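Student: I have a model open and would like to learn how to read it. Could you walk me through its features one at a time?

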Amino acid sequence: MDKVVLITGGASGIGRAAALLLASKGAKVVIADTNRAAGEAVCAEIAAIGGTASSFVLDIADSSAVDSVVADTAGRFGRIDVLVHCAGICPRCNVLEMTDEEWKRVISINLDGTFYITRSVARVMIPQKSGTMILLTSDRGLYGAADYPHYAASKGGMIALMKSLAIALGPHGVTVNGLNPGMTDTPLARGAITDEGWRAKETYDVLGTHSRPAQIAEMVLFLADTAASFMTGQIVATRMRNFA
């Protein structure tokens with residue numbers, strides 16, 4: 001895979017797994033994350049397997065910072081072939097207790113940040129007449145969530161934005177798809193959940209266990225490679241939940 005891949009939130013969880021897998025396939029990987037040390041650690045892992053990687057510290061809610069990272073990446077490699085957008089937060093809070101600041105923070109990072117990064121990368125991909133964007137969306141953006149209404153709203157907005165981008169960018173040879181990974185064993189998903197609580201949640205999964213980041217990374221690889229080159233505006237979901 002001779003492609004330049006920019007991964008937001010690439011220092012941990014699904015982003016990290018995607019970075020390692022895509023690099024192992026020959027991609028040049030650029031990690032953008034708030035955690036400098038973790039991003040550099042992933043780059044070291046990639047270097048250890050003979051891959052090429054670099055990292056930036058990025059606050060995805062800062063429009064000018066996003067533009068700077070995208071410009072630096074395009075300037076270094078001459079192009080950006082794939083965007084894998086994983087950056088986001090998922091704090092728990094019900095709607096009655098939620099403050100204005102808590103609402104705005106999640107929307108700013110998850111939804112505004114998605115707009116900033118896709119707009120900036122689109123400005124690189126359109127002149128190329130090619131490119132692939134993969135946005136980590138969520139089932140909660142489709143079905144809602146009582147204790148995560150801000151998160152659900154942000155992911156619902158991401159899905160609508162993804163479809164709008166697919167329509168706008170398709171004539172320029174750029175595809176845009178969403179990936180709903182389902183409950184995956186990442187630091188973000190685990191949060192403060194105990195091991196016992198985590199195992200209890202697994203009973204709602206029809207496969208009896210939550211997915212691992214490496215399994216979701218395989219789906220990212222599919223969307224990033226030629227097999228999905230004629231697919232756009234779609235949500236790829238891993239599995240249904242068992243509510244019986």
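Student: Let's begin with helix packing. How close do the axes of helix 3 and helix 4 come, and at what angle do they cross?

Tutor: Two packed helices are described by the angle between their axes and the distance between the axes. In this predicted model, the axes of helix 3 and helix 4 come within 9 Å and cross at roughly 30°. Angles under 35 degrees count as roughly parallel, so helix 3 is roughly parallel to helix 4. The crossing of helix 3 past helix 4 is right-handed.

Student: Which residues of helix 3 and helix 4 meet?

Tutor: From helix 3, look for Ser63, Val66, Asp67, Val70 and Ala74. Their partners in helix 4 are Tyr116, Ile117, Arg119, Ser120, Val121 and Val124. By class, this contact of helix 3 with helix 4 has seven nonpolar, two polar and two charged residues.

Student: How do helix 1 and helix 2 pack?

Tutor: Helix 1 (residues 13-24) and helix 2 (residues 36-48) have axes 10 Å apart, at an angle of about 25°. That angle makes helix 1 roughly parallel to helix 2. Here too you can look at the handedness: helix 1 passes helix 2 in a right-handed crossing. Helix 1 contributes Arg16, Ala19, Leu20 and Ala23 to the contact, and helix 2 contributes Val42, Glu45 and Ile46. Five of the residues in the contact of helix 1 with helix 2 are nonpolar, two are charged and none is polar.

Student: What does methionine 133 touch?

Tutor: Leaving out residues up to four places away in sequence, methionine 133 touches Leu83, Thr118, Val121, Ala122, Met125, Leu169, Val174, Thr175, Val176 and Asn177.

Student: How do I judge burial? Is alanine 11 buried or exposed?

Tutor: Buried means under 20% relative accessible area. Alanine 11 has 7%, so it is buried. You will find alanine 11 in the loop between strand 1 (4-8) and helix 1.

Student: One last item, the backbone. What is the phi of lysine 129?

Tutor: Most residues other than glycine have a negative phi. Lysine 129 has a positive phi of about 65° although it is not a glycine. Lysine 129 sits in the loop between helix 4 and strand 5. With 63% relative accessibility, lysine 129 counts as exposed.

Terms used: Residues are numbered from 1 along each chain as its sequence is written. This is a predicted model: local features need pLDDT of at least 70, side-chain atom pairs count only at pLDDT 80 or more; totals for chains, interfaces and linings use all residues. Side-chain values use heavy atoms; hydrogens and water are left out. Contact means heavy atoms within 4.5 Å. Axes are lines fitted to C-alpha atoms, for helices over the stretch in contact, and angles run from 0 to 180 degrees between N-to-C directions. Helices (H or I, at least four residues) and strands (E, at least two) are DSSP runs, numbered from the N terminus. Angles under 35 degrees count as roughly parallel, over 145 as roughly antiparallel, 65 to 115 as roughly perpendicular and the rest as oblique. A crossing is left-handed if the near helix is turned anticlockwise from the far one by less than a right angle, and right-handed if clockwise. Ala, Val, Leu, Ile, Met, Phe, Trp, Tyr, Cys and Pro count as nonpolar, Asp, Glu, Lys and Arg as charged, and the others, Gly among them, as polar. Buried means under 20% relative accessible area, exposed over 50%, partly exposed in between (1.4 Å probe, protein chains only).
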